[in-house]
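Colleague: I have a model open and a few questions about it. Can we go through them one by one?
Modeller: Go ahead.

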Amino acid sequence: MYHKAPKKAPWKKYYTQDTTIEMLQVILQDNPNGTLVLRDEVVSLISSFEKKGHESDRGFYLEGWNGTNAYTVERLSRESVVIDQVCLSLIGTTQPGAFSKYIRGSLNNGHEADGLVPRFQLMVCPKIDRYVQHDVKPNETSRNRLMIYWKRLITFNRITSLIYAKKIITLVMDFH
């Protein structure tokens, strides 16, 4: 008579900062709605794809962009990892000069022309000459509704999450 090991509880992880691809794959296995990778310096992540032994990391980030592909990792040295939907979001900052190398590379027909750089959305903060802080008490009704929607958002599937995300954005604007 064989006994199966008890199934482990899902590991809900909404974001990570500095992780190996192998660990990120384990995290994504339990998070079908995806995980956010938060990097202060995005260029350090992209440049790590060029290190020996990390050549396939770039491809994994490309796989995770649309959030619909399944992905299976099978290695002799560890247990298989099966990800039903690879959904990765990446938010970070960088200096224009540091990122320009990758922009130029994506325009040439080299290995950097794989579509990774065009998938980035650019946001530039305008120079503000004078900033005045306003200490205003938050709108408690909006705050409470925001927390309700946030809890719903993290427990539903991707389609339902998009509906709640729009409501959350509206409430965040009211909250401030």
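Colleague: Which residues have the most contacts inside the largest nonpolar core?
Modeller: Leu24, Leu28, Phe60, Tyr61 and Leu88, in a core of 21 residues. A nonpolar core here is a set of buried Ala, Val, Leu, Ile, Met, Phe, Trp, Tyr and Cys residues joined through side-chain atoms within 4.5 Å. Buried means under 20% relative accessible area, exposed over 50%, and partly exposed in between, with a 1.4 Å probe and protein chains only.

Colleague: Which elements give two or more residues to this core?
Modeller: Helices H1 (21-29), H2 (42-48), H3 (57-63) and H4 (96-107), plus strand E4 (78-83). H2 has the largest share, four residues. Helices (H or I, at least four residues) and strands (E, at least two) are DSSP runs, numbered from the N terminus.

Colleague: And the model itself, what are the ground rules?
Modeller: The model is predicted: local features need pLDDT of at least 70, side-chain atom pairs count only at pLDDT 80 or more, and totals for chains, interfaces and linings use all residues. Residues are numbered from 1 along each chain as its sequence is written, and side-chain values use heavy atoms, with hydrogens and water left out.

Colleague: Back to H1. Which of its residues are buried?
Modeller: Ile21, Leu24, Gln25, Ile27 and Leu28. They sit on the same side of H1, because they cover an arc of only 160 degrees around the axis, taken from the directions from the helix axis to the C-beta atoms.

Colleague: What covers them?
Modeller: The cover includes H3 and E4, along with strands E1 (15-16), E2 (35-41), E3 (71-75) and E5.

Colleague: Gln25, what does it touch?
Modeller: Apart from neighbours within four places in sequence, Gln25 is in contact (heavy atoms within 4.5 Å) with Phe60, Tyr71, Val73, Arg78, Val81 and Ile83. Its relative accessible area is 4%, so Gln25 counts as buried.

Colleague: Last one, the whole fold. How many helices and strands?
Modeller: Six helices and five strands, in the order β-α-β-α-α-β-β-β-α-α-α along the sequence. Of the 176 residues, 27% are buried.
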